[in-house]
Amino acid sequence: MDVIEYTPTRDQYAYTFGGVAPAMRITPGSALRLWSDDAFGGTLRSVDDLSSAKVDLRFVNPQTGPFFVEGAEPGDTLVLHLVALEPARDWGASAAIPFFGGMTSTDRVATLQDPLPDTTWIYDLDRERRTVGFVARHSDHRVELPLEPMLGTVGVAPAGGEARSSLVPERFGGNMDTPQMRAGSTVYLGVNVEGALFSIGDGHYRQGEGEACGTAVEGAMTSTLIVDLVKGHAPGWPRIEDDTHIMTVGSSRPMEDSWRIGNAELVRWVSLLHGLHIMDAYQLCSQITEVPVANVVDSNYSVVVKAAKSLLPAGDVLGGLHADLRERARALGTV
């Protein structure tokens, strides 16, 4: 399988899902190796670089893409299998941004509270040990954390000709910020426009569930993925499958609506996939699901609802497409 490589120039970055001309046309079955910049566009390089001076929130989460998938039409399912995610720099950055994050006043939750201190942390990457180093700014502490690369943003163009900020997660995917978006995962997205017009970005070298301060260990990423297309079967909201679980992602505010969306989507998926009555699927999912919170900081909050395949009746998603993609990934030399 040939691998198509693409590295955008800065003037080719996209900052919305939808409303951007395709960077490239590809055919289903293609393998891509894509470089993407970090959420800050590489502007935070030392602890002396502060977001208030360096970061323009109109131009964050630069996307690589979009890519026009030949034959993709509304109602189809775009399939993206994440083969490998590798840091493209030897450092990552995180920041406490004034009036942004889960534990401070924001423009949506306004109080008389002063902003938290504008602070930047730089994490040095040790490729051999596969760690990133946390160094405290206001106390004496350092710890090596495991490198766990993921993509914060994976999405397609929304329906209705909309253009949505790359800060937004919604039914088109987008800025879901879930650590489940890692190598070995297969993502299913409903196609809304001809060609799907998908893009990726917002690489994280690691992130805790919830992304509490609003930023992960943000870093440039080299992502290898296989693109496929299933005619029809479009999911209403993003779905993820890995070797052990099936997952749905709901994004909304308040967070209980995100939870409801994810649960409703998983119950419907389990019912359809395994031929269970909807009430039986509801009861089964109520007893087996795990619900990691993806983010509590974006324009919408994202919640993942996941079920272990080992606890579900026998049955493969789309004829075992995930397993087939894993085999194709092995043919590329990486998994």
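Which residues form one aromatic cluster? Tyr6, Phe67 and Phe198 do.

## Basis of the report

The model is predicted, and local features need pLDDT of at least 70, side-chain atom pairs count only at pLDDT 80 or more, and totals for chains, interfaces and linings use all residues. Residues are numbered from 1 along each chain as its sequence is written, and side-chain values use heavy atoms, with hydrogens and water left out.

## Aromatic pairs

Six aromatic pairs are found in the whole structure. Rings of Phe, Tyr and Trp (its six-membered ring) pair if their centres lie within 6.5 Å; planes under 30 degrees apart count as stacked, over 60 as edge-to-face and the rest as tilted. The ring centres of Tyr6 and Phe67 are 5.7 Å apart and the planes stand at 85°, so this pair is edge-to-face. Because Tyr6 belongs to strand β1 (residues 3–6) and Phe67 to strand β5 (residues 63–69), the pair ties together parts that are 61 residues apart in sequence. Strands (E, at least two residues) and helices (H or I, at least four) are DSSP runs, numbered from the N terminus. Tyr6 counts as buried at 12% relative accessibility, and Phe67 is buried at 0%; buried means under 20% relative accessible area, exposed over 50%, and partly exposed in between (1.4 Å probe, protein chains only).

The rings of Tyr123 and Phe134 have centres 6.0 Å apart and planes at 40°, so they form a tilted pair. Tyr123 lies in strand β8 (residues 119–126) and Phe134 in strand β9 (residues 131–135), eleven residues apart. Tyr123 is buried at 10% relative accessibility, whereas Phe134 is partly exposed at 22%.

The largest pocket holds about 570 Å³ of space. It is lined by 33 residues, of which Phe100, Gly101, Val297, Asp298 and Ser299 are the closest to its centre. A pocket is an open set of points on a 1 Å grid over the protein atoms alone where a 1.4 Å probe fits, with protein on both sides within 12 Å along at least five of seven lines; lining residues have an atom within 4 Å of a point. A volume is the space filled by probe spheres set on the points, which are joined across faces, edges and corners.

The second largest pocket has a volume of about 270 Å³. Among its 13 lining residues, His233, Arg239, Trp269, Leu272 and Leu318 are the closest to the centre. Helix α2 (residues 255–274) gives the largest share of this lining, four residues.
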